[in-house]
Amino acid sequence: MSGLTSLGAAQAGVSSGIESITDLLVVILDLNPIWWSEQLDNGVENGNGPPSQQYGLAPTLDQILIFLNSYLLIHPGNQVVVLGCLHSRSYFLYPPELINMPTDMPSDSRPEAFRIVNHTVQRAIQHILLQTSPDGEPAAGGEEKRETVFVGALSRSLCYIHRMQRESPKGQFVQGRVLVIEAGPDSSSHYMHFINTIFTAQKMNVKIDACVLGEDSILLQQAVDLTGGLYVKVENPGGVVQVLNSVFILDGAERSTMSVPEKIQVDYRAACFCHQKLIEVGYVCSVCLSVFCAFSPMCSTCQSTFKFMTGIKKRKPTDPTSSVPSPSSSSAAVAAVATKKARNGTGPNSNGKA
Ligand SMILES: [Zn+2]
Ligand SMILES: [Zn+2]
């Protein structure tokens, strides 16, 4: 909020030379057409059921736009970026990436900044979905599924925040935050890239928030827990705007002043690379850290062959140092590990490589 942000900026300025803080909110929307059309189909099939229990893309988008306008309204320095995500692709909806700024904006009584955001986002979504056929196949060809992979959109969000921080004028600090609005189920493919992106966000001090419309997301729960964000599952399709405006409108610094949802118990299972299933105990390649649910003599990711300690013949004790296995051979050993423990940045991926 303006008063709180100004106060925080003034306090920060005393010690670090920062005169003002700009809050940058990156919203990632799940636009997976298969999930949204399923919702529509369910509504038609269950004609006797209450229509309020089905999500529709247009009414949900209206609620999200109200949230974006509210966010811009509470402080003149607030900025928003909106990305749309299909199964494996992501697009900048606002500011537009490839689509030119619309010139045919309807003129109404709304402030111009709101009109530009609303109209640009709606136009961009229309443009993207018209290129995608109803069964999810993009016009350009390719495979589309019911699940949405967020790793690309998350990486682009972090790159955008990093660029804004680097290009900001002296004395101005850009504080980024990412809000993922997920509709469909989790996709555990690219799990390693996903979790590395989360470690990068953790290192950049960027909070990741998640607002889930469909079933609970284990991956987003992990992301939220590791970065100190908030996770909320919306129960009522008509209540999206209430959840967004009451939980996600304030940025990290001001959150401590309001009551936010309690932290949830996070499921820290990792996804195996062979079947993309979440597992509690599995095999980890000690070279590339790929996780497998079943033993294989060769790592399918990095092609390392595994040696067994039981298969190594005992050498003659002529040289006392020769009985120690060399680091190069042991580096490809297979270890069964319990993956159900908090990584807390101490995991092997905590180097922040994405
Ligand atoms: Zn597997
Ligand atoms: Zn490997």
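Q: Before we look at the core, what counts as a nonpolar core here?
A: A nonpolar core is a set of buried Ala, Val, Leu, Ile, Met, Phe, Trp, Tyr and Cys residues joined through C-beta atoms within 7 Å. Keep in mind that this is a predicted model.

Q: Okay, and in the largest one, which residues touch the most other members?
A: The largest nonpolar core holds 69 residues, and Val 27, Ile 28 and Leu 83 are those in contact with the most other members.

Q: Take Leu 83, then: what is it in contact with, neighbours within four places aside?
A: Leu 83 is in contact with Val 26, Ile 28, Leu 29, Ser 90, Tyr 91, Phe 92, Leu 93, Ala 153, Arg 156 and Ser 157, once the neighbours within four places in sequence are left aside.

Q: Switching to the sheet, what's the strand order?
A: Six strands form an open sheet with mixed pairing, and their order is β3-β2-β1-β4-β5-β6. The edges are β3 (90–94) and β6 (231–233), each of which pairs on one side only, and the twist from one strand to the next averages 20°.

Q: How is β6 joined to β5?
A: Strand β5 (residues 207–212) and β6 run parallel and are joined by three bridges; in one of the pairings, Cys 211 has Val 232 in β6 as its bridge partner.

Q: Which helix packs on the sheet touching β4, β5 and β6?
A: That is α7 (residues 218–227), whose direction makes about 145° with that of β5. Helix α5 (residues 151–167), for its part, lies across β1 (20–30), β2 (79–85), β3 and β4 (172–182), and runs at about 165° to β1.

Q: Is α7 mostly covered or mostly open, and by what?
A: Helix α7 is mostly covered, with nine of its 10 residues buried, and what covers those buried residues includes β4, α6 (191–204), β5 and β6. The buried residues include Leu 219, Gln 221, Asp 225 and Thr 227. After the helix comes Gly 228, which has a positive phi, near 80°.

Q: Now Tyr 71: buried or exposed?
A: Tyr 71, which is found in helix α3 (residues 57–74), counts as buried because it has 23 C-beta neighbours inside 10 Å, where the cut-off for a buried residue is 20 or more.

Q: And what does Tyr 71 touch, beyond four places in sequence?
A: Tyr 71 touches Leu 25, Asn 78, Val 80 and Ile 249.

Q: What about the β9 and β10 hairpin, what's in the turn?
A: There are five residues between the two strands, and Leu 289 in the turn has a positive phi of about 70°. Strand β9 (residues 281–285) pairs with β10 (residues 291–292) in the antiparallel sense over two bridges, and Tyr 283 has Phe 292 as its bridge partner.

How values were computed
Residues are numbered from 1 along each chain as its sequence is written. Chains are lettered from A and ligands numbered from 1 in the order in which they are written. This is a predicted model: local features need pLDDT of at least 70, side-chain atom pairs count only at pLDDT 80 or more; totals for chains, interfaces and linings use all residues. A residue is buried if 20 or more other C-beta atoms lie within 10 Å of its own, exposed if 12 or fewer, and partly exposed in between; C-beta atoms are placed from the backbone. Two residues are in contact if their C-beta atoms, placed from the backbone, lie within 7 Å. Two strands pair if DSSP finds at least two bridges between them. Helices (H or I, at least four residues) and strands (E, at least two) are DSSP runs, numbered from the N terminus. Axes are lines fitted to C-alpha atoms, for helices over the stretch in contact, and angles run from 0 to 180 degrees between N-to-C directions.
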